[in-house]
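Please open the structure in a viewer and keep the selection panel at hand. The stops below proceed one selection at a time.

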Amino acid sequence: MSKKFLGILVTLAVLVLGAEIVYVSKQNQKPQVELEETRPILVWYTDPDIQTYMEETAAQAAAAYGVEIQTELVSDVDYIENISEKSIAETMSGPDLYITSSSLLEKAALAGLTTTLDGSRFADSYGEKALHAVTYDGKVIARPFYIDTSFLVYHKNVTDQIPETIDDILSYAENFEMDDTTADVETIFEWNVADVLENFMFMGAYTNLGGDDGDDKSQVSLELDKIGECMAYYQNLNSFFAIDADTISSQDIMQKFVDGKTVYAVVNVPMLAQIDKAVDSDFYGAATLPDLTPDLQARGLSVTNSIVVNPYSVNVSAAEAIASYMTENAAGSLYEMAGKLPAYRKLSEDPTPAWQTVCEAYDEAQETPKIMELSDMWLNLEVTLADIWRGEDASGKMQAFSELLSTRLD
């Protein structure tokens, strides 16, 4: 071998080795975030259920980005007001990021506590519904984080029938026969008549709470004629299922279902998380909410929690990177760690066998409105529906609730 050829080989080897070193170096580099001021990124949240997720995800993000991240569980009382007070103080001590439900986004926006994001960047990663949930005044102002809504579960060892209407469930109940496989069944159909999230299905199809984005006061309306029919139907169900509004609880409903004592139940995401921990995936099936009758539709209610970047942060770009990490990069572990289902849709695997059904139910549901004047409507509606369930005048109660909404918006 000539010295010249040997020299060429040595030169090539050095070049290849150098390229490998550069490649490995780049692979081991941490993603870069720029801190305008060296201080921890502070994240506020109010839901204790996500504490473990927040703390562990913050640690992961801190390691990935090479920055310090602190998470703090705070009270939900005067939440936006406290963020504002600490943000505009002489020394900014408020959170760089905070988690809030869609219902508080108008208050946050009007307080100057939101930043505008490019919604087109999220179109492939989230459903259209989730983007509406974080849109105010035509602008995306938060990142969708986790969702809740109601849907149907059924005991697969007892039935494989997915009812299209509650009328179908009533027919099933009338023809139900006890045998060896149904020996444990005590209840055919159950839902929490004391919880507005589950009860809203009986009026949701004929209720508009501010348009697609939930922020337009001119689009708040109730179709009282149709809702009156729905309420009459809802009230009559008491004679079939005799659910006590004073004693029923979501925990009891969930427990009876996993014990095989209930055939059909309306549940929400936290209840589903408990069901998935208690039984195998082949025990139950999931479906979107059934209509009431062939002529009366149903529509559920949804709540979207989001992460907001505080514009008063001295490290806005770093905060945006952390928000992206928490809502997307780490979203696959959210259900297992916190019992919450992410709004993010591009997961490597379904977090629950009911994932696709819950996403469909969420997309069909009416989102909790952002309109500040309606912030206390849920307590009033919960009382109204409970009174109707107990037998009070349905039309009169709904008329009074409609007038209350009008008064709030005048």
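Predicted model: local features only at pLDDT ≥ 70, side-chain atom pairs only at ≥ 80, totals over all residues.

Is lysine 397 buried, exposed or partly exposed? Select lysine 397 and display its surface: with a relative accessible area of 26%, this residue is partly exposed.

**First stop: the surroundings of lysine 397**

Glutamate 392 counts as partly exposed, because its relative accessibility is 37%. Now extend the selection to Asp246, Asp387 and Arg390; together with Glu392 and Lys397, these residues are linked in a network of salt bridges.

**Second stop: the start of helix α15**

Select aspartate 393, which is located in the loop between α14 and α15. The residue is exposed, its relative accessible area being 52%. At the start of α15, a side-chain oxygen of aspartate 393 comes to within 2.9 Å of the backbone nitrogen of glycine 396. Glutamine 235 may be selected next: its C-alpha lies 9.6 Å from that of aspartate 393, although 158 residues separate the two in sequence.

Select residues 394-409, which make up helix α15. The helix has 16 residues and spans 23 Å from its first C-alpha to its last, close to the 22 Å expected at 1.5 Å a residue. Colour Ala394, Met398, Phe401, Ser402 and Leu405, which are buried in α15. These residues lie on the same side of α15, because they cover an arc of only 100° around the axis. In general, an α-helix has 3.6 residues a turn, so residues three or four places apart point the same way.

Against which elements do the buried residues of α15 pack? Select β9 (220-222), α8 (224-241) and α14 (377-389) to display these packing partners.

Proceed to Trp191, Met203 and Met231, the residues with the most contacts inside the largest nonpolar core, which has 104 residues. The element that gives the most to this core is α8, with seven residues. Centre the view on methionine 231. Apart from neighbours within four places in sequence, methionine 231 is in contact with Phe202, Met203, Leu385, Ile388, Ala394 and Met398. Two of these contacts lead back to the previous stop, as Ala394 and Met398 are among the buried residues of α15.

A second, separate core has 29 residues, including Ala62, Leu97, Ala323 and Leu334.

How many salt bridges does the structure hold? There are 13. Select aspartate 47 and lysine 340, whose side chains meet in one of them at 2.9 Å, N to O. Aspartate 47 is in the loop between β1 (41-45) and α2 (51-65), and lysine 340 is in the loop between α12 (334-338) and β13 (341-342), so this pair ties together parts that are 293 residues apart in sequence. Both aspartate 47 and lysine 340 are buried.

Finally, select lysine 129 and glutamate 367, whose side chains meet in a salt bridge with 3.7 Å from N to O. This pair also links distant parts of the chain: lysine 129 belongs to helix α5 (residues 128-133) and glutamate 367 to strand β14 (residues 366-367), 238 residues apart. Lysine 129 counts as buried because its relative accessibility is 11%, and glutamate 367 counts as buried at 8%.

Methods
Residues numbered from 1 in each chain as written. Heavy atoms only, no water. Salt bridge = Lys/Arg side-chain N within 4 Å of Asp/Glu carboxyl O. Helix = DSSP H or I, 4+ residues; strand = E, 2+ residues; numbered from the N terminus. Buried < 20%, exposed > 50% of the residue type's maximum accessible area, 1.4 Å probe, protein only. Expected span 1.5 Å × (residues − 1). Arc of directions from axis to C-beta. Contact = heavy atoms within 4.5 Å. Polar contact = N/O pair within 3.5 Å; in protein donor to acceptor, adjacent residues only side chain to side chain. Core = buried A, V, L, I, M, F, W, Y, C linked by side-chain atoms within 4.5 Å.
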